[in-house]
Amino acid sequence: MAVLPGYRRPYPGTQPNHLHPPYVSSIKRSPGKPLIYLPHTLSEVTGPIIGPEKIDVKASDLTRQHSGEPLGERIIVSGRVLDENSRPVAHTLVEVWQANAAGRYLHKVDQHNAPLDPNFTGCGHALTDAEGRYRFVTIRPGEYPWRNHYNAWRPAHIHFSLFGPAFATRLVTQMYFPGDPLIPFDPIFNCTADEKARNRLISVFDWENTIPEHALGYRFDIVLSGREATPIEIPGGNK
Amino acid sequence: MSLQATTSQTVGPYFRIGLAGLYSNNLAAPGISGQRIEIAGKVLDADGQPVPDALIEVWQANANGKYAHPDDKQDKPVEPGFTGFGRIPTVADGSFRFTTIKPGRVPGPDGKLQAPHIAVSVFCRGLERRLVTRIYFADEASNAEDYALNLVEPARRHTLLAQKGSREGVLEWNVILQGPEETVFFDTGL
């Protein structure tokens, strides 16, 4: 049987530790014992494949899921999903969720005193195309308070969840907005040691995908773990 | 110059909004071959308190030991309708349960077959990146020669074993995030 190469491990410092005490919830929920290094087996280099039969093509427009338009600033969030070898990750599922423009989630646990929007659920999904591209139409989420510490506020963000080709490539992350003054104070954003890695979570303003008289564009490229021992490297890609 | 994988961030407390569309706690539709099993347990924190906002994802081979994935090149049959994927949220008391079939054995890196197992990801508020673990079956003789189990010190292996519990036909397996009985978590990269 052919030997499959595993997926690459993270560069030191570019991924968060499980324990990050300034993020208080991590204190009782992170393992105290060292993780056990597991070389990838067939179980890790394979993974769930979510096909087009599970996809609602309308789910990529979060502004058209109800009878009326949601309140807030309409935006286009788009980008590419690549692997660490700069290859597009085609036909992979991207799931997103977010607060509404007032900073309120449609979730029973969220009791923030800000209005719900009957025209906004805050849930979307899409498959990437053959070039790894995705595109969502949504509204800019609001900042909101949380109870991590005194006067704690989350910067505006959109949650992203991706599978990629294998169990080993699963990624859940958050996208932030350029210039958000709350970012330097956010323990969730700041949990990763490597500053450049952290800053890649901040989307960039995107003229190219801005629609005149309609919506601003933001670009957020996502990189998933790539295969080890890749014979050819393709130059270019992310900054 | 190669790229670096994007930094992981917590799913937070509100993931249901975006991830509920793929919730599935029954992997084995009628007609799927194999021994039907139910696995139930709780996710608990360092104080033994239930974690009501965790998400478990499972990934497994079919009863033949074949993954529904193009990189599984084994000459074994896939089963239409069996994806091998489940996504199960915990509820208020930290519990979860799912129904599936017992997976067959798949090849390991040492040339031997691995013992039957289910690969598991655990996500919750407080975890900036997922935790990866595995479910094995307590009554399997092949556990003794399993590649991954043998990476684990013997005193901790039981945390990976689904055991017969008080209820007939239900295997119990818990996720203990921290503490003396902490579940074994594997480093698989991200």
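Author: Before the questions begin, a strand here is a DSSP run of E with at least two residues, and strands are numbered from the N terminus. The structure discussed below is a predicted model.

Reader: In which loop of chain A does Glu213(A) lie, and is this residue buried or exposed?
Author: Glu213(A) belongs to the loop between strand 10 (204–205) and strand 11 (216–219) of chain A. Its phi is near 60°, a positive value in a residue other than glycine. Since a residue with 12 or fewer other C-beta atoms within 10 Å is classed as exposed, the 4 such atoms around Glu213(A) make this residue exposed.

Reader: Ser86(A) also has a positive phi; is Ser86(A) buried or exposed?
Author: Ser86(A) is not a glycine, yet its phi is positive, at about 70°. This residue sits in the loop between strand 2 (74–83) and strand 3 (93–97) of chain A. Because the cut-off for a buried residue is 20 or more other C-beta atoms within 10 Å, and Ser86(A) has 20 C-beta neighbours inside that distance, Ser86(A) counts as buried.

Reader: What radius of gyration does chain A have, and what value would a compact globule have?
Author: Chain A has 3 helices and 12 strands, and its C-alpha atoms fill a box of roughly 55 × 40 × 30 Å along the principal axes. For 239 residues, a compact globule would have a radius of gyration near 18 Å, and the value for chain A agrees with this, being 19 Å.

Reader: How many residues of chain B are in contact with chain A?
Author: On the side of chain A that touches chain B, there are 38 nonpolar, 27 polar and 12 charged residues. The contact involves 77 residues of chain A, and on the side of chain B the number is 66.

Reader: Which residue of chain B does Tyr37(A) stand opposite?
Author: Strand 1 (residues 36–37) of chain A and strand 10 (residues 186–187) of chain B run parallel, and 2 bridges join them. Within this pairing across the two chains, Tyr37(A) faces a residue of strand 10 of chain B, namely Asp187(B).

Reader: Which residues of chain A does Gln178(B) touch?
Author: Gln178(B) is placed in the loop between strand 9 (175–176) and strand 10 of chain B, and it counts as buried because it has 21 C-beta neighbours inside 10 Å. Its C-alpha atom is separated by 8.1 Å from that of Leu44(B), although the two are 134 residues apart along the chain. Leaving out residues up to four places away in sequence, Gln178(B) touches Asp45(B) and Ala46(B) in chain B and, in chain A, Lys28(A), Ser30(A), Pro31(A) and Gly32(A).

Reader: Which residue in the turn between strand 7 and strand 8 of chain B has a positive phi?
Author: Strand 7 (residues 161–164) of chain B pairs in the parallel sense with strand 6 (residues 131–137) over 2 bridges, whereas strand 7 and strand 8 (residues 170–172) run antiparallel. In this second pairing, Gln163(B) has Glu172(B) as its bridge partner. Strands 7 and 8 form a hairpin with 5 residues between them, and the turn residue with a positive phi, of about 80°, is Gly169(B).

Reader: What is the radius of gyration of chain B?
Author: Chain B comes to 1 helix and 10 strands. The globule rule gives 16 Å for 190 residues, and chain B is close to this, so it is as compact as a globular protein of that length, with a radius of gyration of 17 Å.

Methods
Residues are numbered from 1 along each chain as its sequence is written. Chains are lettered from A and ligands numbered from 1 in the order in which they are written. This is a predicted model: local features need pLDDT of at least 70, side-chain atom pairs count only at pLDDT 80 or more; totals for chains, interfaces and linings use all residues. Two residues are in contact if their C-beta atoms, placed from the backbone, lie within 7 Å. Ala, Val, Leu, Ile, Met, Phe, Trp, Tyr, Cys and Pro count as nonpolar, Asp, Glu, Lys and Arg as charged, and the others, Gly among them, as polar. Two strands pair if DSSP finds at least two bridges between them. Helices (H or I, at least four residues) and strands (E, at least two) are DSSP runs, numbered from the N terminus. The radius of gyration is taken over C-alpha atoms; the globule rule is 2.2 Å times the number of residues to the power 0.38.
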